[in-house]
Amino acid sequence: MNQALQGLLDLLDLEQIEENIFRGRSRSAVVPRVFGGQVAAQALVAAGRTVPADRHAHSLHAYFLRMGDPGAPIVYNVERIRDGRSFTTRRAVAVQHGRPIFALSASFQSYEEGLDHQAPMPPAPDPETVPTGQERLRGYDHLDPAIVERFLEAREAIDLRYVDDPPYGRFGEPREPHSQVWFRTNGKLDGAIDAPLLHVVLATYVSDMTLLDSILLAHGRGGWAVGDVVGASLDHAMWFHRPFRADEWLLYDQESPSASGGRGLGQARIYTQDGRLAVSVIQEGVVRVPRADKP
């Protein structure tokens, strides 16, 4: 396992300071605030540690309330909402400087048989034929080298590959509001750390990295990396349908059905490489054009 992946796993390994109370730290992000995927993943870890091991996360719904301070610890308070015969519900609130910055509700279920169908996996190239994140980023001469290095550092633990150019790689003209990304951890997960919750937590972490890209594509915008929009995540929801491994290739197929009122909606499906629908994701975010750039 490489050092970057071990660092991410350490970041997600919260300290328990009291019953139902956990403490996490932050790491440097692409933007000067706590990365939303980090706080969502840590909140799910906190909630999951109060749930029996035979119950697995099947959904989460969350709100980003305030910008997180990357220089301060984050305290997660977990409320045990319900423990039923099949389902367990938890609420986790992330607090910094005495104020909530994030709130998550998560539901866990014991395994059971049931009806089974899914939407088919869309066409996508083999991930091994797609340029790596480093190959793509280092090929964009218009990007500030410092921004490229921040991207690479923030994503060092994840092998994340865009099928086509990301918004900041090719912008100026609208494109189809659809984006595909292959991802997996940059190393295998095994031994004592190989638990079902960890794979779900890592997918949650990655899910906030690229989901709003399709909004930018629809308007020919490059995003914060080129300074033609400002934005932030507002809310996030995920449904975990089938087991998967975060250290094996996953296809993140993303699209945006709407943007209006300074907000944009992204929705996505995550498939295993052999075509199983593993996760559904929806996120709304603030997407604003800077005042000087408005028509």
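**Around Arg-175**

Guide: Let us start with Arg-175, which is in contact (heavy atoms within 4.5 Å) with Asp-164, Asp-165, Pro-166, Pro-167, Arg-170, Leu-217 and Ala-218, once neighbours within four places in sequence are set aside. Before going on, please note that this is a predicted model, in which local features need pLDDT of at least 70 and side-chain atom pairs count only at pLDDT 80 or more, while totals for chains, interfaces and linings use all residues. Residues are numbered from 1 along each chain as its sequence is written, and side-chain values use heavy atoms, leaving out hydrogens and water.

Helices (H or I, at least four residues) and strands (E, at least two) are DSSP runs, numbered from the N terminus. Arg-175 counts as buried because its relative accessibility is 17%; the word buried means under 20% relative accessible area, exposed means over 50%, and partly exposed lies in between (1.4 Å probe, protein chains only). From Arg-175 to His-219 there are 44 residues in sequence, yet in space the two are 7.2 Å apart, C-alpha to C-alpha.

Arg-175 also belongs to a network of salt bridges, together with Arg-136, Asp-164, Asp-165 and Arg-170. A salt bridge here is a side-chain nitrogen of Lys or Arg within 4 Å of a carboxyl oxygen of Asp or Glu. Asp-165, in contrast, is buried, with a relative accessible area of 19%.

Another salt bridge joins Asp-159 to Arg-161, and there the closest N and O atoms are 3.0 Å apart. Asp-159 counts as buried at 12% relative accessibility, and Arg-161 is buried as well, with a relative accessible area of 8%. By the rule above, the count comes to 18 salt bridges.

A nonpolar core is a set of buried Ala, Val, Leu, Ile, Met, Phe, Trp, Tyr and Cys residues joined through side-chain atoms within 4.5 Å. The largest such core has 69 residues, and the members that touch the most others are Val-39, Tyr-76, Phe-102 and Leu-104. A second, separate core has six residues, including Val-130, Trp-182, Leu-251 and Leu-277. Phe-102 touches, among others, Val-39, Tyr-63, Phe-64, Leu-65 and Ala-94, leaving out residues up to four places away in sequence.

Ile-101 has its place in strand S6 and is buried, with a relative accessible area of 6%. Beyond its neighbours within four places in sequence, Ile-101 is in contact with residues including Val-39, Met-67, Gly-68, Ile-74 and Gln-96. Ser-110 is found in strand S6 too, which covers residues 99–110. Ser-110 is buried at a relative accessible area of 17%, and, with neighbours within four places in sequence left aside, is in contact with Asp-54, Arg-55, Arg-85 and Ser-86.

One stop remains, at a pair of helices. Two packed helices are described by the angle between their axes and the distance between the axes. For helix H2 (residues 36–48) and helix H5 (residues 196–210), the axes come within 7 Å and cross at roughly 155°. The axes are lines fitted to C-alpha atoms, for helices over the stretch in contact, and the angles run from 0 to 180 degrees between N-to-C directions. H2 and H5 are therefore roughly antiparallel to each other: angles over 145 degrees count as roughly antiparallel, under 35 as roughly parallel, 65 to 115 as roughly perpendicular, and the rest as oblique. Among the residues making the contact are Ala-40, Ala-41 and Leu-44 of H2, and Val-200, Val-201 and Thr-204 of H5.
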